[in-house]
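Here are some friendly notes to read alongside the model. Please keep the viewer open as you go through the points.

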Amino acid sequence: MKSYLFPGQGAQYVGMGKAWFDLFPEQTQTASDMLGYCIKTLCLDDPHNQLNQTEYTQPALYVVSALAFLAHQQRDPAPADFMAGHSLGEYTALFAAGALSFEYGLRLVQQRGALMSQVRGGAMAAVLALDEAAIRATLAEHQLDTLDIANLNSPQQSVISGLSDDIGRAQQAIEQTGGRFIRLNTSGAFHSRYMADVQADFARCVAEVEFKAPSVPVIANVSALPHQRNTIQSQLVAQLTRSVRWTETITYLLAQGDMTFVELGPKKVLAKLVAEIKQHAAEYVHSDTPTLAQQVEQWNQTHGVGTTIKVAHISETMRTRTPAMLLFGHRPAVYVEGAQGYIALDEATAL
């Protein structure tokens, strides 16, 4: 099986897309007409130093990654089994899966970038060498409850988001705990409560778009589960203020079977994260297998096949189709009708 992955903000660089613009002149011209400026000039030359400004970055990355997908499709027309995108990349994944047109996707990311750039006073920082639990404990201990975890990128890489002064105060606390703190060059507190001010405006933008059912499962950032057609709009709106659950996304994809990941877009930012997640999963097998096996045994003793369950972030109830099992020796999960795969036991509540 194979999964296509699409990067988000931070993957941009001057010169990106050079191999693809001339291959797809129609899409390139359409993008330029819609945006009101030459997308090719912005990406290849950036004459006005705009590429790193959110309102320009997001459309540029969407276009370049979409063209990368179309180019790859020419070389390898066999469809992917799954798709996922990191933050902004989720829109490219939805385009690639046929859930929305190139034009509608571009319109949404243009509106998204413009709205997000309006929220001032925010900042973000990468936190390395600490897992999610350690970060949350550190923030709580130092009364930094005004900060949110924006990205859960890998077991040892996360991003915190909040007001600029609060991010600054977090550095000493993080470093005292043993983590590495790297302030990011961003203009806003993305994927945090501070984006709530523009959420209603973006919801109105999303409501104008008619989404189709994806041709292949697209994993949502908010739930780390496949999008359902009737919840795509609400998930994209929620994504503005919620964490990008990338570690869980890749773990979900790994649980589906022997998986090859193909990153489509500028740079290979996501490939490194995938490698880190795989490594952690392998280490987890050796350290925690007995405890995980006990979770599976306890579930199967308590809940039979056909149990009705509620899955986090999915409104409708579902039924299990198999006993619980350890996927790859490290992920307690159960196959669920309608979910197009396995659901982790810690996301399932028996009814």
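Predicted model: local features only at pLDDT ≥ 70, side-chain atom pairs only at ≥ 80, totals over all residues.

1. Residues are numbered from 1 along each chain as its sequence is written, and side-chain values use heavy atoms, with hydrogens and water left out.

2. Do start with the open sheet of four strands, whose order is β7-β2-β1-β8 with parallel pairing (strands are DSSP E runs of at least two residues, helices H or I runs of at least four, numbered from the N terminus; two strands pair if DSSP finds at least two bridges between them). β7 (218-219) and β8 (260-263) have a single partner strand each, so one side of each lacks a neighbour in the sheet. Strand β2 (residues 82-85) is joined to β7 by two bridges, and A84 has I219 of β7 as its bridge partner.

3. Two helices pack on this sheet. α3 touches β1 (2-6), β2 and β8, and its direction makes about 150 degrees with that of β1 (contact means heavy atoms within 4.5 Å; angles run from 0 to 180 degrees between N-to-C directions, with axes fitted to C-alpha atoms, for helices over the stretch in contact). Helix α10 (residues 246-254) touches β1, β2, β7 and β8, at about 170 degrees to the direction of β2.

4. The other sheet to look at is open, with three strands in the order β10-β9-β14 and antiparallel pairing. Its edge strands, β10 (318-319) and β14 (348-350), each pair on one side only. Three bridges link strand β9 (residues 308-311) to β14, and I309 is bridged to A350 in β14.

5. Next, a helix pair: the axes of α5 and helix α8 (residues 199-207) come within 10 Å and cross at roughly 175 degrees. That makes the two roughly antiparallel (angles over 145 degrees). L108, Q111, R112 and L115 of α5 meet D201, F202, C205 and V206 of α8.

6. Finally, the largest pocket holds about 940 Å³ of space (a pocket is an open set of points on a 1 Å grid over the protein atoms alone, where a 1.4 Å probe fits, with protein on both sides within 12 Å along at least five of seven lines; lining residues have an atom within 4 Å of a point). Of its 37 lining residues, Q9, G10, A11, N151 and L184 are the closest to the centre. α11 gives the most to the lining, with five residues.

Terms used: Points joined across faces, edges and corners; volume = space filled by probe spheres on them. Parallel < 35°, antiparallel > 145°, perpendicular 65-115°, else oblique.
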